[in-house]
Amino acid sequence: IEKVGGALYFVKFHVEGVEVSYTYNINTKNRYFLQRIKPYPIPEGLFTDEDEVVDFIQQDIKKYFSKKK
């Protein structure tokens with residue numbers, strides 16, 4: 001996880017030889033806005049805390065790689 005600026009974060013993983021990356025920022029209402037960057041960009045939505053972000057990323061990676069098989 002790399003913090004850029006005040007409240008912008010980049011998260012990068014390598015899973016089964018594929019780079020998977022996300023960015024999230026914390027808005028003025030303390031909500032986390034998450035977007036997937038790689039393998040293809042897609043806005044994911046708003047979350048209330050870091051635990052929800054982590055849970056979503058785990059499920060998203062599982063779903064992406066289960067479709068590849």
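I looked up Asp60 and found it buried, with a relative accessible area of 6% (buried means under 20%, exposed over 50%, partly exposed in between, with a 1.4 Å probe and protein chains only). The model is predicted: local features need pLDDT of at least 70, side-chain atom pairs count only at pLDDT 80 or more, and totals for chains, interfaces and linings use all residues. Residues are numbered from 1 along each chain as its sequence is written, and side-chain values use heavy atoms, leaving out hydrogens and water.

I then searched the whole structure for salt bridges and got three (a side-chain nitrogen of Lys or Arg within 4 Å of a carboxyl oxygen of Asp or Glu).

Arg36 meets Asp60 in a salt bridge, 2.8 Å from N to O. This pair links distant parts of the chain, with Arg36 in strand S4 and Asp60 in helix H1 (residues 50–68), 24 residues apart. Helices (H or I, at least four residues) and strands (E, at least two) are DSSP runs, numbered from the N terminus.

Arg36 also forms a salt bridge with Glu44, at 3.4 Å from N to O. I noted Arg36, Glu44 and Asp60 as a linked network of salt bridges. Arg36 counts as buried at 6% relative accessibility.

I next checked Glu19 and Lys38, a salt bridge whose closest N and O atoms are 3.4 Å apart. Glu19 is in strand S3 (residues 18–26) and Lys38 in strand S4 (residues 32–38), so the pair ties together parts 19 residues apart in sequence. Glu19 is partly exposed at 25%, and Lys38 is partly exposed at 38%.

Last, I read the element order from the N terminus as β-β-β-β-β-α.
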